[in-house]
Amino acid sequence: MTDVARAAGVSAQTVSRTLRDSPNVNAETRRRVLTAVEQLKYRYNGAPRLLSSGRSFTLGLVLLQAGGYYSRSGVTAGVEAAAGQAGYSVSIATIAELDTALMEKSLLKLSDQGVDGIIIAVPLISVTQRMEDITRDIPTVTVDGSRTTGARVLGIDQHEAGRAATQHLLDLGHRQVWHVAGPDEWIEARQRRQGWQECLATAGIDAPPALEGDWSPESGYRLGQVLAMIPEVTAVFVASDEMAFGVIKALRERGRSVPQDVSIVSVDDIELASYCHPPLTTVRQDFYRSGAAAVALLLDTHAEGESLTPATLIVRESTAAARTH
């Protein structure tokens, strides 16, 4: 930094302010400093900042390698954007499957890196004492509804998402609603299933067996072939948009049109949901905003407990009133 200051004819403090994008540096000075940085191939070394502040200015993010392209990319983009604006970098740890040992290993990796906070974007199936210790010592936010004792929770009300989707189909006159569920080890999938079951029970309807997929369009297609062979199926609540794409393809191939024969409601509202045929009726989840909000919650030292937003149903053309026979 001293070399850059000498080349630009300014103080080291001015170089520091310029590289931190401080507004208290005029345009000409900023130009000279950045020119010197480029000429000297200067790269910022964060070690002194870490030593002087006791902070790494790095946030950890735990993701599952599978689980939906849109959820991974959206959450990651939101976290990185919000973290960058707050002066933090992001260290990402991915796990191949929902395994306690792999989760523990990822949290230990982030802890060893000295991250200032952790965002967990995968469900915690079971929690070990070591995981409890790490998330108690390091501020932690989960974005899927699961939690350790010390973690704070951010997300939409998944139970309400399942209830709202099911009620929409009942309000259209359908006498039964079938369900293509996500993997049971995901807390979101369990909560959406519970909302579906309780909505049907309130209406005095016995829920049919749920068909469990793995969030992929392939699993939706496979289960859609099963549903297409059941003549009385007129309405299906699918736990994700990507699985819904597969369900719709299978129904069409078997001669069942959507929504004329079968109405479909799903969850996520990914970008393709409004462009598929027919456009999907779905419960909105904003993955980018969730990632950004997780950073804000993590850096808010006064926030506690849960922060759940209401489910928002987006009605499009994949649902229609039940036919009268």
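Trainee: What should I know about the model before I start?

Mentor: This is a predicted model: local features need pLDDT of at least 70, side-chain atom pairs count only at pLDDT 80 or more, and totals for chains, interfaces and linings use all residues. Residues are numbered from 1 along each chain as its sequence is written, and side-chain values use heavy atoms, with hydrogens and water left out.

Trainee: How many helices and strands does the protein chain have?

Mentor: First, the rule. Helices (H or I, at least four residues) and strands (E, at least two) are DSSP runs, numbered from the N terminus. Here the protein chain has twelve helices and twelve strands. Its C-alpha trace spans about 85 × 45 × 30 Å along the principal axes.

Trainee: What percentage of the residues count as buried?

Mentor: Buried means under 20% relative accessible area, exposed means over 50%, and partly exposed lies in between (1.4 Å probe, protein chains only). Of the 325 residues in the protein chain, 48% count as buried. Areas come from the Shrake-Rupley method with a 1.4 Å probe; for residues, only the protein chains shown count as cover. The protein chain exposes about 16000 Å², and carbon and sulfur atoms supply 49% of that.

Trainee: How do I read contacts along the chain?

Mentor: Contact means heavy atoms within 4.5 Å. Take the contacts between residues at least 6 apart in sequence: 69% of them join residues at least 24 apart.

Trainee: How far apart are the end C-alpha atoms of helix H8?

Mentor: The expected span of a helix is 1.5 Å times one less than its number of residues. Helix H8 covers residues 158-171, 14 residues, and should span 20 Å. Its end C-alpha atoms are 20 Å apart, which agrees. Now try H11. It has 13 residues and reaches 19 Å, close to the 18 Å expected.

Trainee: Which residues of H8 are buried, and what covers them?

Mentor: The buried residues of H8 are Gln158, Ala161, Gly162, Ala164, Ala165, Thr166, His168, Leu169 and Leu170. Their cover includes helix H9 (187-202) and strand E5 (152-156). Strands E8 (235-238), E9 (263-268), E10 (281-284) and E12 (312-314) are also included in that cover. In H11, the buried residues include Met243, Val247, Ile248 and Leu251.

Trainee: What happens at the ends of these helices?

Mentor: Start with H8. Asp157 caps its N-terminal end, with a side-chain oxygen 3.3 Å from the backbone nitrogen of His159. Just after H8, Gly173 takes a positive phi of about 100°. Just after H11, Gly255 takes a positive phi of about 85°.

Trainee: How many salt bridges are there?

Mentor: Side chains of opposite charge can pair when their charged atoms come close. A salt bridge here is a side-chain nitrogen of Lys or Arg within 4 Å of a carboxyl oxygen of Asp or Glu. By this rule the count is eleven.

Trainee: Please show me some.

Mentor: Arg193 pairs with Glu212, with the closest N and O atoms 3.5 Å apart. This pair links distant parts of the chain: Arg193 is in helix H9 and Glu212 in strand E7, 19 residues apart. Arg193 counts as buried because its relative accessibility is 17%. Glu212, at 39%, is partly exposed.

Mentor: Arg323 pairs with Asp261 at 3.2 Å between the closest N and O atoms. Arg323 lies in the segment after E12 and Asp261 in the loop between helix H11 and E9, so the pair ties together parts 62 residues apart in sequence.

Mentor: Arg284 pairs with Asp269, with the closest N and O atoms 2.7 Å apart. Arg284 is in strand E10 and Asp269 in the loop between E9 and E10, 15 residues apart. Salt bridges that share partners also join Asp133, Arg136 and Asp137 into one network.

Trainee: Is Pro279 buried or exposed?

Mentor: Pro279 is buried, because its relative accessible area is 14%. Pro279 lies in the loop between E9 and E10. Leaving aside neighbours within four places in sequence, Pro279 is in contact with Ala273, Ser274, Arg316, Glu317 and Ser318.

Trainee: Which residues make the nonpolar surface patch?

Mentor: Patches are made of residues with over 30% relative accessible area and no salt bridge; like charges are joined within 9 Å, nonpolar side chains (Val, Leu, Ile, Met, Phe, Trp, Tyr) within 5 Å. Met1, Leu19 and Leu34 make this one, about 220 Å². Met1 is in the segment before helix H1, and at 32% relative accessibility Met1 counts as partly exposed.

Key
A polar contact is a pair of N or O atoms within 3.5 Å; within protein, one must be able to donate a hydrogen and the other to accept it, and residues adjacent in sequence count only if both atoms are side-chain atoms.
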